[in-house]
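Please read the following alongside the sequence and the coordinates. The text starts with the interface and then moves through each chain in turn.

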Amino acid sequence: MTITDPMTASADAANQEQTVSRVVYTADDGTVTEIDGRPGDSIMETAVRNGVPGIIGECGGSLSCATCHVFVAAETLALVGTPGDLEDEMLDGTAVEREENSRLSCQIKLQSGCRYHVTTPSEQI
Amino acid sequence: MDTTLIVGACQAGVQLASVMRDLGDTDSIILIGEEAHRPYQRPPLSKGWLKSELTPDDVILRSREWFAGRGIELISGDRVVTVHRDPDGSGTATTLGGRVIRFTRLALTTGASVRRLTVAGTDYRGVHYLRDADDALTLEPALREPDVDHVVVIGGGFIGLETAAVARQLGKSVTVLEAGPRLVGRVVAEETSAFYLAAHRRRGTEVVLDARITRIVGDDASAAGQKGSVTGVELADGRIVPADLVVVGIGVVPRVELADQLGLEIDNGIVVDATCRASDGRTVAAGDCASMPNPYPLGLGGRVRLESVNNALEQAKIAAATLLGRPEPYVSVPWFWSDQADLKLQIAGLSTGYDEVVVRGEPDSEKFGVLYYRDGRLIAADMVNRPAEFMAVRHALMKGHTIPPDAAADVDVPLKQSVIDPAALAA
């Protein structure tokens, strides 16, 4: 068994009635990167696999490092819900102080066919 | 034009290639790995993967488009078997698959291979190791087979305990056999070891310390030429611990074969300096295979070989800069994590050389910390189910700050508020 490519998998998934979501990442310096993400993947995974700067995700999404901190744009907030208890505690220790719209992007799983917009902080460590 | 050859398509290898591009290198980069899979994360293999919460896609490090877009040639499923350098510093690597790769720069991110148990009987069916994706792909369904009731885990380190926790959650009868006098003895203080012993026993796992394993026993082969299945693990006192499945997690051994061919100095890994340069002054090494001067706390001396994602990433960054002629020393504060059942352990710093520990909170509450001091100064902490406090310690250590021991013991004051800057106090 080989590990299939997430991007290939998303193309193959057309018959699974799921459409890709689009994630817009705005870096601290204003640079904008747009990536198509597979439903079920997190905003962190989508960023890291495609080399989007500003998100590290050292622990791979296991809520251990708080290096995938993002600020969620107002129009995206309704899509993403609120942080769980553990995420909430980790957010207290981010490199750039948390704000009302702070989330750890490993905990935001993409739904089908949505558009997400997040801004990354100036530092993650 | 330069060609950088990175041997080992793992977390460190991918990071090294990535940082070289970030630093402006536009020359050829070849990343080669012996596993048939594309580069993936190892930590989930003993956690989310074993729990069937992840698919192979979830652990992939970078998309194919990323490698193509960054001009990094990825070769999977082929192993470098020989490497040599010419007097001018360039060199040639040959692979099992017959490739001949010329390079001008060489990075070894060869990682570590699983340590094998040397007693008789490890070839019975049902004896597993857990290091690679292939191991996990085999172990995950094997743990769920209906006739597997008794699971024996050999080794009470992180991999063993994470695996034991998953097996227990699946309703198996689980026994952990640890050769040492306490769990995770290589990494944490007695207080943390004692906690994990109690916590796993509370969850119904049997733990045997100071276990001397004499052999693995099994039944006769059902067909000619086929090995029988494991039935138990025999201890020195004659007791046989019943086992339908055995997982061996007794650590790893650094991969130094290629470094050895190059004549590089080896001492529990490939010896590198603080800029990840090996003893020939040219080759760099990073990750599980590299033994570096103890980076932390400063002035402690000695060498250390760290097995962690954080270290792989940090060393790879430094190694990339060194290859491009811009060396910078390792300054990161190492950190580690382990998820066992509902216990989240996060470790900040290295506790080597500690002379005092402070226990913060009540261990039996399963929400506590152990803080390590040397000469009155905080150097590390193990935090169990206290993520915010782990972050507070990690940030304090990164800034060279400390937390007075008496304040660390006071659970009524948030740890973050007790952080002080010793330099400011002295001024």
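**The interface and the two chains**

In this predicted model, 32 residues of chain B are in contact with 22 residues of chain A. On the side of chain B that touches chain A, the elements giving two or more residues are helices H2 (56-59), H3 (64-69), H4 (133-142), H8 (309-323) and H9 (387-398), together with strands S22 (335-340) and S23 (343-349). H9(B) supplies the largest share of that side, 5 residues. By residue type, the side of chain B that touches chain A divides into 16 nonpolar, 9 charged and 7 polar residues.

The predictor's scores for the complex are an ipTM of 0.89 and a pTM of 0.94. For chain B the mean pLDDT is 95, and 98% of its residues reach 70 or more. Where pLDDT is low, the predicted coordinates should not be read in detail.

Chain B is divided into domain 1 (3-40 + 60-110 + 256-323), domain 2 (127-248) and domain 3 (342-426). Taken over C-alpha atoms, the centres of domain 1 and domain 2 of chain B are separated by 33 Å.

H8(B) has 15 residues and reaches 21 Å from its first C-alpha to its last, close to the 21 Å expected at 1.5 Å a residue. Is H8(B) largely enclosed by the rest of the structure, or largely open? Of its 15 residues, 15 are buried, so H8(B) is largely enclosed by the rest of the structure. Just after this helix, B:Gly325 takes a positive phi of about 80°.

Most residues other than glycine have a negative phi, and most peptide bonds are trans. B:Ser52 has a positive phi, near 60°, and lies in the loop between strand S2 (28-33) and H2 of chain B. B:Ser52 counts as partly exposed because it has 13 C-beta neighbours inside 10 Å. B:Asn268 has a positive phi near 50°, and its place is in the loop between helix H7 (257-261) and strand S18 (270-271) of chain B. With 12 other C-beta atoms within 10 Å, B:Asn268 is exposed.

A further loop residue of chain B is B:Asp355, between S23 and strand S24 (356-360). B:Asp355 has 10 C-beta neighbours inside 10 Å and therefore counts as exposed. Not counting residues up to four places away in sequence, B:Asp355 touches B:Tyr373 and B:Arg374. B:Asp355 and B:Arg374 are 19 residues apart along the chain, and 5.2 Å separate their C-alpha atoms.

In chain A, strand S1 (residues 21-26) pairs with two strands. S1(A) and strand S2 (residues 32-37) of chain A pair in the antiparallel sense over 6 bridges, with A:Ser21 opposite A:Gly37 in S2(A). These strands, S1(A) and S2(A), form a hairpin with 5 residues between them, and A:Gly30 in the turn has a positive phi of about 95°. S1(A) also runs parallel to strand S5 (residues 115-119) of chain A, joined to it by 5 bridges; here A:Arg22 stands opposite A:Arg115.

In a regular strand the side chains alternate between the two faces of the sheet.

Technical notes: Residues numbered from 1 in each chain as written. Chains lettered and ligands numbered in written order. Contact = placed C-beta atoms within 7 Å. Helix = DSSP H or I, 4+ residues; strand = E, 2+ residues; numbered from the N terminus. Nonpolar A, V, L, I, M, F, W, Y, C, P; charged D, E, K, R; others polar. Buried ≥ 20, exposed ≤ 12 C-beta atoms within 10 Å, placed from the backbone. pLDDT = per-residue confidence, 0-100. Domains from an automatic or database assignment. Pairing = 2+ DSSP bridges. Expected span 1.5 Å × (residues − 1).
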